[in-house]
Amino acid sequence: RTSLTSVTGSAERGKDAFKFIQDFAVNTPFEVDALTKAFISLKNFGIQPTTEVMRAITNQASKLGASSDTLAGITLALGQAWAKGKLQGEEILQLVERGVPVWDLLSSATGKTTAELQNMSTKGQLTRDVISKLIAEMDKMASGSSERAMNTLSGAISNLSDSWKMFEDTLMQDKSEGIIKSIVLNLTSSLNGLSALIDDNLSGQITRLETKIQDRKSTRLNSS
């Protein structure tokens with residue numbers, strides 16, 4: 001929340017951004033932490049992390065195995081290219097190394113051949129408008145990958161983890177301490193009740209044992 005407040009410029013916008021990320025995480029195999037890092041990274045590089053952009057990078061990363069490292073790598077490469085204002089060798093290599101079929105995507109998005117695109121890249125002609133087309137093509141070509149990844153065990157665990165973190169966040173944001181206080185009071189009451197029950201049972205057992213001992217002593221005395 002602190003990082004989002006810083007990158008968006010206000011607590012209110014940071015709160016809205018966090019809500020957006022939480023809602024977005026529900027339909028992806030990525031946890032809130034990874035999505036928050038991607039959101040902040042895009043922002044810092046100058047790319048507006050809209051639903052379309054976030055969906056494009058998560059779909060592409062999901063298609064390649066739904067690894068948080070892959071998501072971070074794709075985000076970094078696109079961000080660096082955007083900051084420079086052109087897509088060239090270093091960023092293209094980063095994307096290719098992570099399994100992104102850059103030349104096929106660019107060719108489909110622009111209608112140009114790989115040779116033409118490579119020549120344009122060398123001359124610094126793959127500018128931001130082309131990067132935007134690449135991002136849109138990622139989403140198109142990998143459409144539905146996040147949803148399919150959610151049907152795996154990894155996706156289910158991701159959602160479980162996010163649910164727990166959202167619960168933690170709800171507790172931390174409860175300024176009145178109402179929820180925490182209620183939980184603590186209920187837990188205290190339950191523990192006190194359990195202690196009393198154990199104490200009563202233990203006292204009863206001790207009493208019955210003492211009675212048996214006394215009975216045996218009396219029996220022995222009478223026999224004598």
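Trainee: What makes Phe39 buried?

Mentor: Its relative accessible area is 5%, and buried means under 20%, exposed over 50% and partly exposed in between (1.4 Å probe, protein chains only). So Phe39 counts as buried. Bear in mind that this is a predicted model, where local features need pLDDT of at least 70, side-chain atom pairs count only at pLDDT 80 or more, and totals for chains, interfaces and linings use all residues. Residues are numbered from 1 along each chain as its sequence is written, and side-chain values use heavy atoms, with hydrogens and water left out.

Trainee: Why is Phe20 called partly exposed?

Mentor: Phe20 has 23% relative accessibility, so it falls in the partly exposed range. Phe24, at 13%, counts as buried.

Trainee: How many aromatic pairs turn up in the whole structure?

Mentor: The search finds two. One is Phe20 with Phe24, at 5.9 Å centre to centre and 35° between the planes.

Trainee: Why is that pair called tilted?

Mentor: Rings of Phe, Tyr and Trp (its six-membered ring) pair if their centres lie within 6.5 Å; planes under 30 degrees apart are stacked, over 60 edge-to-face, and the rest tilted. With 5.9 Å and 35°, Phe20 and Phe24 therefore make a tilted pair.

Trainee: And what makes Phe20 and Phe39 a tilted pair?

Mentor: Their centres are 6.1 Å apart and their planes at 55°, so tilted again. Ring pairs link Phe20, Phe24 and Phe39 into a cluster.
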